[in-house]
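Please look at the sequence and the structure below. The text that follows goes through pockets and then through packed helices.

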Amino acid sequence: MTLLPINIKLIVGLGNPSDKYKNTRHNIGFMAIDLIAKESQAQMWKQNFNGFSTEATIGNQKVILLKPMTYMNNSGVSVQSCANFYKILPEEILVIHDELDIPLCKIKTKIGGGNGGHNGIKSIESRIGKEFHRLRIGIGRPEHKDQVSDYVLSNFSSTEMEHVNTVLYDICKFVFTP
């Protein structure tokens with residue numbers, strides 16, 4: 001599967017700024033977008049749109065990569081700003097994010113639908129609507145509902161990180177393979 005048939009012009013990785021969150025479950029979207037940027041030999045990151053963006057070429061198509069720096073709960077501000085500037089429609093956007101309801105390192109895609117309680121997705125929906133593409137990366141769920149906040153902000157274990165690195169390269173295959 002490739003991005004080109006679905007005409008993706010903006011790929012967004014969700015996460016939280018600061019080294020404090022660098023290897024947390026909630027930042028798996030940032031990890032994915034960083035690897036896509038590296039593998040596509042993207043240009044230098046620029047600070048704009050309340051985040052960092054860069055241009056990449058995937059296949060023969062120019063794509064904008066975006067990392068919102070608004071913290072997860074306000075990701076929509078950055079996505080809307082970038083989409084408006086480049087005149088990108090919601091259906092031309094792919095958002096990569098963590099998903100509690102999917103087992104660790106499993107990947108699922110969808111267009112539109114519910115937000116599953118994900119605050120980053122809620123924020124984006126409030127700004128551009130629901131009809132954008134989503135690549136959801138499973139992070140698993142803690143045993144108890146009251147542990148969710150601490151869980152998503154916890155670092156992956158070293159064993160989990162090995163699996164995460166594998167799935168990140170699988171995402172690159174999804175993005176780059178015709």
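**Pockets and helix packing**

The lining of the second largest pocket consists, by class, of five nonpolar, four polar and four charged residues; Ala, Val, Leu, Ile, Met, Phe, Trp, Tyr, Cys and Pro count as nonpolar, Asp, Glu, Lys and Arg as charged, and the others, Gly among them, as polar. This is a predicted model, in which local features need pLDDT of at least 70 and side-chain atom pairs count only at pLDDT 80 or more, while totals for chains, interfaces and linings use all residues. Residues are numbered from 1 along each chain as its sequence is written, and side-chain values use heavy atoms, with hydrogens and water left out.

The second largest pocket has a volume of about 240 Å³. A pocket here is an open set of points on a 1 Å grid over the protein atoms alone, where a 1.4 Å probe fits, with protein on both sides within 12 Å along at least five of seven lines; lining residues have an atom within 4 Å of a point. Grid points are joined across faces, edges and corners, and a volume is the space filled by probe spheres set on the points. Helix 1 (residues 28–39) gives the largest share of this pocket's lining, three residues; helices (H or I, at least four residues) and strands (E, at least two) are DSSP runs, numbered from the N terminus.

The largest pocket has a volume of about 410 Å³. It is lined by 19 residues, of which H26, G117, N119, V148 and V152 are the closest to its centre. Strand 5 (93–99) and helix 4 (148–152) each supply at least two residues of this lining, and the largest share, three residues, is from helix 4.

Helix 1 also packs against helix 5 (residues 158–176), at an angle of about 55° and with the axes 9 Å apart. Axes are lines fitted to C-alpha atoms, for helices over the stretch in contact, and angles run from 0 to 180 degrees between N-to-C directions. Helix 1 and helix 5 are therefore oblique to each other, since angles under 35 degrees count as roughly parallel, over 145 as roughly antiparallel, 65 to 115 as roughly perpendicular and the rest as oblique. By class, their contact has 13 nonpolar, no polar and two charged residues, where contact means heavy atoms within 4.5 Å.

The axes of helix 2 (residues 75–86) and helix 3 (residues 119–128) come within 7 Å and cross at roughly 40°. That makes helix 2 oblique to helix 3.
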